[in-house]
Amino acid sequence: MKKFLPALIFLAAACKQRDYNADLLVKDAVVYTVDSNFATANAFVVTAGKIVAVGNADTLEQQYTAHEVIDARGKPVYPGFIDAHAHFYSYGLALQEARLNDTKSWQDVVDSINVYARKNTEGWIIGRGWDQNKWRVKDFPNKAKLDSMFPVRPVLLTRIDGHALIANQAALNLAGIKPGQTIAGGKIETINGKLTGILIDNAEGLVKKKIPAPNDQVVQSAFLDAQRNCFAVGLTTVDDCGLPYTMVNTIAELQHKGALKMRMYVMLSDNPESYDYLFKRGVYKTPGLDVRAFKMYADGALGSKGACLLQPYSDQKNWRGFLLSSQKHFEEVAKKLASKGFQLCTHAIGDSANRVMLKIYASVLKGKNDLRWRIEHAQVLSPDDIKLFGEYSIIPSVQPTHATSDMYWAGSRLGKKRLKSAYVYKQLLEQNGWLPLGTDFPVQDINPMCTFYAAVERKDLEGYPKGGFQPENALSREEALRGMTIWAAKANFEEKEKGSIEPGKFADFVILDQDIMKINGASLPGVKVLKTYINGEKVYEKK
Ligand SMILES: [Zn+2]
């Protein structure tokens, strides 16, 4: 009798495992786990919203009986995509406003606004997305036409980058803006003693604060519309870079109701109320919402010439842009956050803004650390400053589509020499050995495939330029995929819970129609998401 015992124990163990019920088995897939070895598998199992096993379908089918089985029919599966830098809520609001992204001239903008105003007959006329760099006449527009069409109704049209806007006289009147008026960290444009309607960076707030606050319905629609579009491109987590603290409850409630399933990493705006709120309550963390970071703006954007440069712009004499706050303010915030252990994320585009922030970060961080303080964009850098990212473990958070949408005109702003040390994603990756990627949508398209394509090919959708823009700073496909998944998670302190398909992690994943690790570069932007899952639940399926 004794000698049969080991066999019996083995049998019992096997039976016990077969009894195990799983929620979901995904099989016959090419699963890019994005684990530390970048291993692939062909199946995985999900229970209670989490991945419990990854491996071979034959083995897993023996071990697990799943309620639902997805046969992926050989399609590739990736961890759900994470956008490390976006403006999710603003994007959602913009879906309800006039969309000006495809306008080809100022007249085109005016015509679009006319159509919008006929459909939306009351209140402010708000639009977003114009970009004079795409027009034949590349100067900023002037409000004259808006004034004659809308003498009473306020109009506010934000530039694509969010760092400049044009307002009509009715809107300027509500804000009490007068010719010659100045503002720290901003610019109120006046030509020949007259307001043009162009407001840059901090000047935008003067008019924006006069817009009536959106009601609950508008806010909810903004989140849910944004979510719908983002699921369709495979996003399962978005970093919202700069929200008022009052939004934390709004998001938490929408998630609690089950309406908002998108996971969000929220950076709070740089104002006393935000600091008070989070210092008092501490890190806010649920599976769907993570609030532990603050967002500051060091400068503006290159397209609207608000980026702060060490030397004058190559296309504007004696103009270097400006910082949006005093260095003293930046230092105070940095010290305050370091003492409390929170994360600081600072927007810095120009080489001067980057230098100011890198030096402040360095003085507070002192050396290698794990506070994961981020510089958002890290766009134009003095070659001497790049090493500071590595020396002080500062995380550059970059958006590859910025390189390919700015490449047409960035050279005229910066000149040849400075352009060489702009959009240097490969060099930045080498600093810490990892690099989170994002889009900055609605400044860029929401689609992670555009990010992937821009990162690896450095070309626009027409395949221009042939060899890629400054191709020495292209990323490998593995690096780009890590940047959109596990490295983006790491930038949010979430690498233990998401960003790869490994046991113990949230079952957030996407099934694509083509394998982005294998197809030719030109086909990448056309790749479609077939299904998106969050917590093992299907939140999108391609019709
Ligand atoms: Zn941004």
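Gly176 counts as partly exposed because its relative accessibility is 36%, where partly exposed lies between buried, under 20% relative accessible area, and exposed, over 50% (1.4 Å probe, protein chains only). Gly176 sits in the loop between α6 (169-175) and β13; helices (H or I, at least four residues) and strands (E, at least two) are DSSP runs, numbered from the N terminus. Along the chain Gly176 and Leu206 are 30 residues apart, and their C-alpha atoms are separated by 8.5 Å. The model is a predicted one, in which local features need pLDDT of at least 70 and side-chain atom pairs count only at pLDDT 80 or more, while totals for chains, interfaces and linings use all residues. Residues are numbered from 1 along each chain as its sequence is written, and side-chain values use heavy atoms, with hydrogens and water left out.

Strands β2 (residues 30-32) and β7 (residues 76-79) pair in the parallel sense over 2 bridges, and Val31 stands opposite Val77 in β7. Asp515 belongs to the loop between β22 (509-512) and β23 (529-534), and it counts as buried because its relative accessibility is 12%. Leaving aside neighbours within four places in sequence, Asp515 is in contact with Val30, Tyr32, Pro76 and Tyr78. With Tyr78 there is also a polar contact, side chain to side chain, at 2.9 Å. A polar contact is a pair of N or O atoms within 3.5 Å; within protein, one must be able to donate a hydrogen and the other to accept it, and residues adjacent in sequence count only if both atoms are side-chain atoms.

Strand β1 (residues 21-27) is largely enclosed by the rest of the structure, because 5 of its 7 residues are buried. This strand runs parallel to β6 (residues 65-71), joined by 6 bridges, and pairs in the antiparallel sense with β4 (residues 43-47) over 3 bridges. Leu25 shows both pairings: its bridge partner in β6 is Val69, and in β4 it stands opposite Val45.

Helix α17 (residues 448-457) is also largely enclosed by the rest of the structure, since 9 of its 10 residues are buried. Its buried residues pack against β8 (81-86), β15 (235-243), α14 (400-406), α18 (477-484) and β22. At the N-terminal end, Asn447 caps the helix, with a side-chain oxygen 2.8 Å from the backbone nitrogen of Met449. Just after α17, Arg458 takes a positive phi of about 55°.

What about the nonpolar interior? A nonpolar core is a set of buried Ala, Val, Leu, Ile, Met, Phe, Trp, Tyr and Cys residues joined through side-chain atoms within 4.5 Å. The largest has 135 residues, and Phe88, Leu157, Phe223, Met264 and Leu481 have the most contacts inside it. Helix α12 (residues 351-365) gives the largest share of this core, 9 residues. Another core, of 16 residues, lies apart from it and includes Ala29, Phe44, Val46 and Ala507.

Finally, a zinc ion is coordinated by His85 (NE2), His87 (NE2) and Asp440 (OD), at 2.1 to 2.2 Å. Donors are N, O and S atoms within 2.8 Å of the metal (3.2 Å for Na, K and Ca); water is not among the atoms, so sites may look incomplete. The donor residues follow the spacing H-x1-H-x352-D in sequence, and both His85 and His87 are buried.

Conventions:
Contact means heavy atoms within 4.5 Å. Two strands pair if DSSP finds at least two bridges between them.
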